[in-house]
Amino acid sequence: MSYISLSHEDKKKMLAVIGISSLDELFCCIPEEIRLKRDLNLPSPLVEPELIHHFEEIGKRNSDSSYLSFLGAGAYRHFIPYVVDYLSSRGEFISPYTPYQPEVSQGTLQVIFEYQTLICQLTEMEIANASLYEGASAAAEAVLMAHRLRGNPKILVANTLHPQYKSVIQTYVKNLPIEIKEVNYNERGELDLDDFARKIDAETSAVVCQSPNFMGIVENLDRIAELARKHQALFIVVVAEAASLGILKAPGACGADIVAGEGQSFGLPLSFGGPYLGFMACKKDFIRQFPGRIAGETKDAEGRKGFVLTLSTREQHIRREKATSNICSNQAWCGLRATIFLETLGRKGMRELAYQNIQKANYALEKLSEINGVKRRFSGPVFNEFVLEFAGGWPKVEGFLRQNGVLGGLSLEPFFPELKNCALFCVTEMHKKDNIDRLVRLVGEVLR
Amino acid sequence: MIREPLIFEISAEGKRAFDLPKLDVLEKKEFLNNLPLREDIKGFPQVSEIEVVRHLTRLSQTNFCIDTTFYPLGSCTMKYNPKVNEKVAQLGNFLHSHPHAPQDLVQGNLEVLKSIEDFLCEITGMEAFTLQPSAGAQGELVGMMLIHAYLADRGSPRKVVLVPDSAHGTNPSSAHICGYLAQEIKSNERGTIDLAGLIQQMTEDVAALMITNPNTLGVFESDILKIAEIVHAKGGLVYMDGANMNALVGKFRPGDMGVDVIHLNLHKTFSTPHGGGGPGAGPVGVKKHLIPYLPFPVVEKGPAGYVFNHNRPKSIGRVGSFYGNFLVIIKALAYILSLGAEGLRETAEIAVLNSNYLRKSLEGVYHLKYSTPTLHECVFSDKLQKEHGVKNIDIAKRLIDYGHHPPTMSFPLIVPGALMVEPTETESKKDLDLFIEAMKKIATEARETPEVVKSAPHTSYVRRLDETSAARNPVLRWEGDEEK
């Protein structure tokens, strides 16, 4: 297939204007001896019907989506209203670049402005940026930002932060004067306040805590914020399951200084892990150290309201090495989908969705923990995920479930060696009662 | 034109656009015990479905985009985004696949990852790729981290990264975030890296040179072999910013010519749509000596199929939760498969033809600081128009009135008043001619009626926006009546 729009005649005329006789001459600035003199070794080109067939065939070698799945752990299956697909597929949204020219990008810019407002409302923070890549790198950006603000070397991280987020933070700080210390969890699955109190000191720039945490437990953020404040450390709240914001007390209301998270739950399909949506919000005072693009309101030459990218003196294209971040492209289109999702669900829909997650997950948790040989591992309150311990071993249960078309929870041992035979289950509004009952029946059967 | 209000301004109690099925499990209030709950989401919109649809549709109509408009934004490679690639990325078995699913159930996904890695190696001459970086800038950062890890491992940690003065702003910024000191190297009168200067600055404290090739002027760094030799002789590495790879596909392989690390922008060279500013994808390719340091997990083909290898003791670690922007990667793979070797080479050839046609047609009308031959883009300036008080931004805004998206102006910093034009290969001669004609008219207007240019745009949805006051008095969210 070719996507070129020049006719033979066009090419001839254009070469004549340039004053050369062949396309090859255009490349004379590449010295002959370093030019590639063979065809690239690639498969013969496919035309549209072949291409579709090719990908359908590759797709057939994926079968996970035909299972009844209880996997979550940073990637959540939620309902996506059709208007999200319909509106976000418009070429006017998919095919422009970053809105550098605001006069011809008002659509993109107003959507970003609305998105920033929606994120502020959900988190109860004062400002939000236009998006970051995904949750883990958003958490890492929050750590870098806190370090710029406070300058102290130590960052305390709850060890119930998503392990992949922890891993990305480690990668980002490796070559910087930042030291990461983990804070243990307690028997309820919450951040251990005693361990936290022991580890926090005057050298601490920030404490990072996820809620609901990786074990699915909703943290008591107020108490953590209080202790952080006492030591002048910034409090970074990470939200990996953004649907929880519909009903749980907002991080901002709990004393968060910076909120970073994953917005995949807002209208983005699982997509084998990406593209997702990093979001970030903070207090107004921190604006100069805030990373990423930001849209702001202004007026045009006739005094009408309009929107522009603003505060770009923080950014790499002006500040170069002194920028607050190297981010250039973000995830604008994912932010657009989130905006449509949130505007469609609205004030009531967001709450109802979150409420159903709590009810269904707790229903499943209650039923499953009634089974002999299954134990609720942590006693803290849960949103839509929970950890179960299987006395007789998780692999046996996992295998049996798979044979019966069910993907049970995620094995936790690879991330937390002490959680042998534990698995993390996720139940959302997408699971019907029948689905949950089937899981319960199968687990009961294999453990009988 | 009617101004589209903010969604919050049309929100009112009692309207809704969404319903969930009734809760089908036994509802228990006690499940809420011990949970810290919020009462409400203050200010959150309540609108009907048609209001959402009209709101977003109308907003979309105020955007210029590739599907409607010539978009010669230099260095951004705004080429046509083939629609079938969207379709294949939406196939259910990709779309609904969970990133934690057992590997044997996602062999198709792993095959996608492995095959595009292999193709990118063939296209660039590199020996391995990571697909984890979500954008070009993250790719740059990963590249810097790889170099850092490699040099530290050899007991030679260094402090400095050299960046040409013509580079994109992300280059020095990425080096800095990796803990390096970014040191500028000056361009010579051709607009390329000055070898004598490089020799002087290339000490044993320099970890790497970041080079963009062709550079942001569109000029090919034809001394690339010598440059690499100078850098390697002092134990440093060559990093290539592959943002401009569209000029080179099928013509030149950086991996054969001394480049140790490269990032590509799949949303530029490989046509995945830019989405109004992402999601992109910034895979990083390396030569053999850097493979151990790539982010984990790495996809490998084993006897029983594809596997993710997490056991990478020298790896720099993860840079994202999962495996990169997977659906973007699928679209790029679809693009490579539909073009093949010949089609890809043709994209480079026609991109360079289109660019040189524009250059030749506008030379003399607009000033060109460097007379060096260029490939896929060229950088004019406002030098001639400035005599009449007309600046690059005025020319850019006036182009909007003629129906074209403006060129890039924020860099390269070595060309004051830059107008960086990159037409890409997918534009027709007719559209190029319309742009040329508009640019010529604007040059005439700059002489005869400069006020018309300076007060442009005149026909857009909004007139010129005041960016200074937006930064001075930041209003970054709607703060209307939240109690409504």
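**From one proline to the whole chain**

Mentor: In this predicted model, Pro275(A) has 26 other C-beta atoms within 10 Å, and because 20 or more count as burial, Pro275(A) is buried.

Trainee: How far apart in space are Pro275(A) and Glu134(A)?
Mentor: Along the sequence these two are 141 residues apart. From C-alpha to C-alpha, however, the separation of Pro275(A) and Glu134(A) in space is 7.7 Å.

Trainee: Leaving aside neighbours within four places in sequence, which residues of chain B are in contact with Pro275(A)?
Mentor: With those neighbours left aside, the contacts of Pro275(A) include Gln331(A) and Cys334(A), which belong to its own chain. From chain B come Pro279(B), Asn325(B), Leu327(B) and Val328(B).

Trainee: Where is the kink in H11(A) centred?
Mentor: H11(A) has 38 residues, and a straight helix at 1.5 Å a residue would reach 56 Å, yet the end C-alpha atoms of H11(A) are only 42 Å apart. There is also a kink of about 95 degrees in this helix. The kink in H11(A) is centred on Gly346(A).

Trainee: Is H11(A) mostly covered or mostly uncovered?
Mentor: Of the 38 residues in H11(A), 33 are buried. The helix is therefore, by the burial cut-off of 20 or more other C-beta atoms within 10 Å, to be described as mostly covered.

Trainee: Which element gives the largest share of the side of domain 1 of chain A that touches domain 2 of chain A?
Mentor: The domain assignment of chain A gives domain 1 as 66-79 + 346-447 and domain 2 as 82-341, and 24 residues of domain 1 are in contact with 25 residues of domain 2. On the domain 1 side, the elements that give two or more residues are H11 and strand S12 (385-390) of chain A. The largest share, seven residues, comes from H11(A).

Trainee: In S12(A), which residue stands opposite Val374(A)?
Mentor: S12(A) is mostly covered, with five of its six residues buried, and five bridges join S12(A) to strand S15 (residues 422-426) of chain A in the antiparallel sense. Three bridges also join S12(A) to strand S11 (residues 374-376) of chain A, and this pair likewise runs antiparallel. The residue of S12(A) that stands opposite Val374(A) is Phe390(A).

Trainee: Which are the edge strands of the open sheet of seven strands in chain A?
Mentor: The sheet has the order S2-S8-S7-S6-S5-S3-S4, and its pairing is mixed. Within the sheet, strand S3 (residues 154-158) of chain A runs parallel to S4(A), and five bridges join them. Each edge strand pairs on one side only, and the edge strands are S2 (127-128) and S4 (179-183) of chain A.

Trainee: Why is one side of S10(B) left without a neighbour in its sheet?
Mentor: S10(B) belongs to an open sheet of three strands in chain B, with the order S10-S11-S12 and antiparallel pairing. Two bridges pair S10(B) with strand S11 (residues 378-381) of chain B. One side is left without a neighbour because S10 (367-368) of chain B stands at an edge, with a single partner strand.

Notes: Residues are numbered from 1 along each chain as its sequence is written. Chains are lettered from A and ligands numbered from 1 in the order in which they are written. This is a predicted model: local features need pLDDT of at least 70, side-chain atom pairs count only at pLDDT 80 or more; totals for chains, interfaces and linings use all residues. Helices (H or I, at least four residues) and strands (E, at least two) are DSSP runs, numbered from the N terminus. The expected span of a helix is 1.5 Å times one less than its number of residues. The bend at a residue is the angle between axes fitted to the seven residues ending there and the seven starting there. A residue is buried if 20 or more other C-beta atoms lie within 10 Å of its own, exposed if 12 or fewer, and partly exposed in between; C-beta atoms are placed from the backbone. Domain bounds come from an automatic or database domain assignment. Two residues are in contact if their C-beta atoms, placed from the backbone, lie within 7 Å. Two strands pair if DSSP finds at least two bridges between them.
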